[in-house]
Amino acid sequence: MTQTTHTDPRTLTPSQIESFGAELEAIRDKHMADLGERDARYIRSIIKAQRGLEVAGRGLLFFGFLPPAWLGGTAALAVSKILDNMEIGHNVMHGQYDWMRDPGLSSKGFEWDTACPGDQWRHSHNYMHHTHTNIHGKDRDIGYGILRMSEEQEWRPYYLGNPLYATLLATFFQYGVAFHDLETERIAAGETTWAEKKPILDGIIKKMRRQLAKDYVFFPLLAGPGAPFVLAGNATANLSRNLWSFMIIFCGHFPDGVEEFTEEECENETRGQWYYRQLLGSANLTGGKLFHIMSGNLSFQVEHHLFPDIPAHRYAEISVEVSEICARYGIPYNSGPLAKQFGSVVKKIFRLALPDRKPEPKAQRLSDPLEPERPAERGLIPA
Amino acid sequence: MPAAQTAAPSRRRRGALRRQILSSSLLESLTTPHGVDRYLEILKPSYSLSDGRAEVLDVERRSVDTVTLTTRPNRRFAGFEAGQFVRVGVEINGVRETRCYSPASAAGRTDQVELTIKSHPGGKVSNYLREHAQPGMFFELSDADGDFHLPAERPERILLISAGSGITPVLAILRTLLAEGHAGPIGFLHYTPGADHHPYREELERIARENPNVALAVSYTREPADELGIEGHFSAAHLNALAPEHGEYETFACGPEPLLDAVRARWAGDGIEHRLHVESFTPPLLVAAPASGGTVRFADSGVEVSDDGNTLLEQAEAAGLNPEHGCRMGICRSCTCKVRAGVVRNALTGDVLEITDGEIQLCISSPAGDVELEL
């Protein structure tokens, strides 16, 4: 089920939105006050597993001439990179563990095993994306400056290549994320210049050089005659991580039923309205515990966007509380299995490659397909 | 033993080689972006090339409110001068809490450090260690710091005065001198409420018995006088009983303010302050201040809070920041931070200062209006 509730959120009055916000704030306060040993133990056990898998994976790849060792090593390394980027890196850099005062788990100092430098990510993701989630013209995660992911982006013949660009982005996702902060589309539009972006580019190149040297020069060379096996294993692990993280991340904001917003709608937002926008602009994935860990708990994208700095392993329990609140207020809570959610994302990528068939009025376009009469305002602007 | 003599250097060589390999640039390249330490510490928390850490080997609760930890620092620890303090970072309920403690063991040994910690009411770290410390525990250990220490050129006559947990740095001085075979006279005057509050009672008595150059007097302030007639708080009688020519001694005193005030007054009266070295060892009473109504801006973090009357260190922590800090009592200066502009109250003295581009200690400063910090 994509949508668990179908009550028209338009019926929410400004005061209802604020009391909805207050209930979410209470959840936040409760969990922030409860942070402790349990969270510390959790993140350390994940880190231990990740470091162990990485050492085991790289060790096995030295015997990559034996097919089972190559497969096992590559798989262990791929899982290690996925854990490092998603459950550890992404969450630590959100400041979820800053309260521990452990320099190794500090959002300011953490660096992850991917091409994108951590400090740039903290700006483009934590600030730009999380503050301006799904707002056109502000949230650059909509299409990553390459794809057309929304009707709001005007169709151009360039977008005929949408499925091709998406495939390329998925394949080289770590570089897509790394170059994200360069804002190449703004350079092309003349809004900024290469010279202005030079320090950012330098940072990316420096980080990428280290990453490439590790995976494609040093470890292969250490294997001597086994170099091709190590190289292939490392490349496959990086590719697996790229495809997996692309899939999970694109399921966060692009499946059917996820709402988009305009800058005007979000002017002078209250805290309650901000929560409301985060909720309508995100979608969850259903699955087992291991699936959630491997997705960095971004399978709880809704909870992550409501509470980006609460340790992500708590999202599962928080989701029970949030969906209960949503049901009470009649607010749609978007959740579904990976195949279904990603299927709808793929469909959207293909659909938006072509010009819009019949330009619909904004009110219709933004509405829930099951609620065709729903207007665009959604109670975001105080009546 | 010739065998033992040759074994030690070769072990050292192996250790040096191991360290050289571990800190090589190739290994750094292979472990990027996390670095070698993040893999080593998985094996054992004290394995670290860049962070000082120590393992607790032994735990003794020798008095009613103290815990004595025998610890083994890792190789990153460079040792200490007798009398200095170290910053100890202990994880309590997932949060690293940092406090300053003076090692009580003799300086010169970097492989073993003894810490005696006295629990005091409301003391998060001291109570935690008193209740939960056990062998096998690890903690962060900083380099040693502080000006209160035995000078490199050892004075001939030394007088040590301490009260309560202030015994640890002066005991380190005593033990260091004895280990060096110091022949000059050493006086040791210690104040503690009772024998059950004295973690080093037996050891000090044994030292005094075995070393004719060591004169010991302990005043149990809540018990009757001993055979020397020592009772109550610091007085001229105590000084006369132990070191009548105290002007001839280099004196090291550590304890709560009232003791230090009395000692300072006496030494000042005798015109010999230059021979007195003191360290305050109990958290000073911070002058409580009402919220000023000002705004505290942590500029580097882009965080703003309205002043709640607490110290700037507490307000920064409450805002989710993690400023470096140590003693939380204005001694160690780990939390020194630059003020871009603002009005700040010194919580020890109550003095209000208007500061532009100046430095303050976060742990003993509270806002007296708007404050902008580089934090």
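A residue is called buried if 20 or more other C-beta atoms, placed from the backbone, lie within 10 Å of its own, exposed if 12 or fewer do, and partly exposed in between. By this criterion, buried residues make up 43% of the 383 residues in chain A. The model is predicted: local features need pLDDT of at least 70, side-chain atom pairs count only at pLDDT 80 or more, and totals for chains, interfaces and linings use all residues. Residues are numbered from 1 along each chain as its sequence is written, and chains are lettered from A in the order in which they are written.

Chain A has 15 helices and two strands, where helices (H or I, at least four residues) and strands (E, at least two) are DSSP runs numbered from the N terminus. Its C-alpha atoms fill a box of roughly 70 × 55 × 40 Å along the principal axes.

In chain B, an open sheet of six strands has antiparallel pairing and the order E4-E3-E6-E1-E2-E5; two strands pair if DSSP finds at least two bridges between them. Strands E4 (95–101) and E5 (113–118) of chain B stand at the edges with a single partner strand each, so one side of each is left without a neighbour in the sheet. Strands E1 (residues 53–60) and E2 (residues 66–73) of chain B pair in the antiparallel sense over six bridges. Within this pair, Val56(B) stands opposite Thr71(B) in E2(B).

Between the chains, 23 residues of chain A are in contact with 13 residues of chain B, contact meaning C-beta atoms, placed from the backbone, within 7 Å. The largest share of the chain A side, six residues, comes from H2(A).

How values were computed:
Contact = placed C-beta atoms within 7 Å.
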